[in-house]
Amino acid sequence: YIRKTNVVEGEAGGITQHIAAYQVQSGENHITFLDTPGHAAFTAMRLRGAMVTDIVVIIVAADDGIMEQTIEAISHAKAAEVPIIVAINKIDKPDADAQKVKNQLLSHNLIPEDMGGDTMVVEISAVKKQNLDALLESILLQAEMLELETPVDRSAVGSVVEARMEKGRGVIATVLIKKGTLKVGDLVVAGQSYGKVKNLYNDHGKVIKHAGPSTPVEVIGFDSTPTAGEECVVAESEKQARDIVEYRIQNAKKPGKKQKI
């Protein structure tokens, strides 16, 4: 509902099968969401998601309670040392039991605020559009408490969320900018891929000329498809970009411990 699109429709088995990055406005603020699937097959996606975000929102169905994937998501968030907000969804259902979910959270060292702890828990219904504003407010409050800041006027550093090859357009990489500003014409390196940014598209598919911190953006210009999870950085020159990629390719061929630069 927050995204205002039906991401489930058309997905195999009714499961969101990809990571979707998008930005929404709440009052004067913007919140960037990175959706990761809840299905057991997508462990690596949830791990990447936790590593590149500032706050993790874990969705638990009020009628199902904490499942195996929920425990895994909690583990990823704790490993990344990222604060957790729990959204108990489907509270409109007759068999919903939000208190049961809260009690289950205790065994994972997540103590809800109304039980004397510091874990924000919001009871919501996506279908009935209930308490979704409260969820957004909780995210903004947590961000304010964390005093999140990052430089804007510097070369961009981001993370590759996903990447694909599309006929007629070439390599398209979804990048979440972590700091700095990415501009059309910048030389970028991600893993063993590099290129010059030809086009930038925002999460609505509109052409933009630059993207600042916490902005999800599609980047066109890579010479090959970068691996999801790779750091994306701006190089000073094409020679530097090529040298970095060549070093990484050669280093990857060596047996034993891999080195990163």
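A residue is classed as buried at under 20% relative accessible area, as exposed at over 50%, and as partly exposed in between (1.4 Å probe, protein chains only). The structure is a predicted model, in which local features need pLDDT of at least 70 and side-chain atom pairs count only at pLDDT 80 or more, whereas totals for chains, interfaces and linings use all residues. Residues are numbered from 1 along each chain as its sequence is written, and side-chain values use heavy atoms, with hydrogens and water left out.

A search of the whole structure identified 8 salt bridges, each defined as a side-chain nitrogen of Lys or Arg within 4 Å of a carboxyl oxygen of Asp or Glu. In one of these, the closest N and O atoms of Lys-102 and Glu-123 are 3.3 Å apart. Lys-102 lies in helix 3 and Glu-123 in strand 5 (residues 120–123), so the pair ties together parts that are 21 residues apart in sequence. Helices (H or I, at least four residues) and strands (E, at least two) are DSSP runs, numbered from the N terminus. Lys-102 is buried, at 7% relative accessible area, while Glu-123 is partly exposed, at 28%.

A further salt bridge joins Arg-242 to Glu-238 (3.7 Å, N to O). These residues are 4 apart in helix 5 (residues 238–253), and are therefore separated by about one helical turn. Both are partly exposed, with relative accessibilities of 46% for Arg-242 and 39% for Glu-238. Elsewhere, salt bridges with shared partners join Arg-164, Glu-166, Arg-169 and Glu-218 into one network. Within it, the side chains of Arg-169 and Glu-166 meet at 3.2 Å, N to O.
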